[in-house]
Every structure is written in C-alpha cells, then in structure tokens.
Amino acid sequence: MNSENSKSYLYNETLPIEGMTCASCVGRVEKALKKVEGVENAEVNLRLKTP
C-alpha cells in the first residue's frame, strides 16, 4: 500500500459494556479491544462501564 495514497482517520467511539464487576474485567475488555484490527487504543472505565 502506498502511504502517499492511504488516509488514516481517527475517531472516538463509546460503547456500553455489561457484566463488568472488577478491575480484572476492565483489563480483559481493554486487552480484547486492543486486539481488534484498526484499534489503536482502548480505555475502559469501570465506574461508567464504557470503553
């Protein structure tokens, strides 16, 4: 792929996550999201229960 012709768009997405009850859940969700192609970063907030 020619980098001169490729465009990269970044945006934020907020997703509701159900079933999280502890910090371990947060870590697992973040780890899984970071493995998704195209995801550069994932931050999960247990209090809000959203990434």
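Predicted model: local features only at pLDDT ≥ 70, side-chain atom pairs only at ≥ 80, totals over all residues.
Biologist: Why is Cys25 called buried?

Modeller: Its relative accessible area is 19%. The word buried is kept for values under 20%, so Cys25 qualifies.

Biologist: How do you class Cys22, then: buried, exposed or partly exposed?

Modeller: Cys22 has a relative accessibility of 31%. Buried would need under 20% and exposed would need over 50%, so Cys22 counts as partly exposed.

Biologist: Where does Cys25 sit, and what does it touch outside its sequence neighbours?

Modeller: Cys25 is in helix α1. Not counting residues up to four places away in sequence, it touches Gly19 and Met20. Contact here means heavy atoms within 4.5 Å. As for Leu46, 21 residues from Cys25 in sequence, the two C-alpha atoms are 8.4 Å apart.

Biologist: How many helices and strands does the protein chain have?

Modeller: One helix and zero strands. The helix, α1, runs over 23-34.

Biologist: How do you know what span to expect for α1?

Modeller: The expected span takes 1.5 Å times one less than the number of residues. α1 has twelve residues, so the expected figure is 16 Å, and the 17 Å from its first C-alpha to its last is close to that.

Biologist: Which residues of α1 are buried, and what puts them on the same side?

Modeller: The buried ones are Cys25, Val26 and Val29. They cover an arc of only 100 degrees around the axis, which puts them on the same side of α1. The face turned away from that buried side carries the exposed residues Ala23, Arg28 and Lys31.

Biologist: Which residues make up the largest nonpolar core?

Modeller: There are five: Met20, Cys25, Val26, Val29 and Val44. To belong to such a core, residues must be buried and joined through side-chain atoms within 4.5 Å.

Biologist: What makes Val44 buried?

Modeller: Val44 has a relative accessible area of 12%. The cut-off is under 20%, so Val44 is buried. You'll find Val44 in the segment after α1.

Biologist: Why is Arg47 called exposed?

Modeller: The relative accessibility of Arg47 is 80%. Exposed means over 50%, so Arg47 counts as exposed. Arg47 lies in the segment after α1, and its C-alpha is 9.5 Å from that of Met20, 27 residues away along the chain.

Biologist: What share of the protein chain is buried?

Modeller: Buried residues make up 16% of the 51 residues. The protein chain exposes about 4800 Å², and carbon and sulfur atoms supply 49% of that area.

Biologist: And what share of the contacts join residues at least 24 apart?

Modeller: Counting contacts between residues at least 6 apart in sequence, 49% join residues at least 24 apart.

Definitions and conventions:
Residues numbered from 1 in each chain as written. Heavy atoms only, no water. Buried < 20%, exposed > 50% of the residue type's maximum accessible area, 1.4 Å probe, protein only. Helix = DSSP H or I, 4+ residues; strand = E, 2+ residues; numbered from the N terminus. Areas by Shrake-Rupley, 256 points an atom, 1.4 Å probe, with all protein chains shown as cover. Arc of directions from axis to C-beta.
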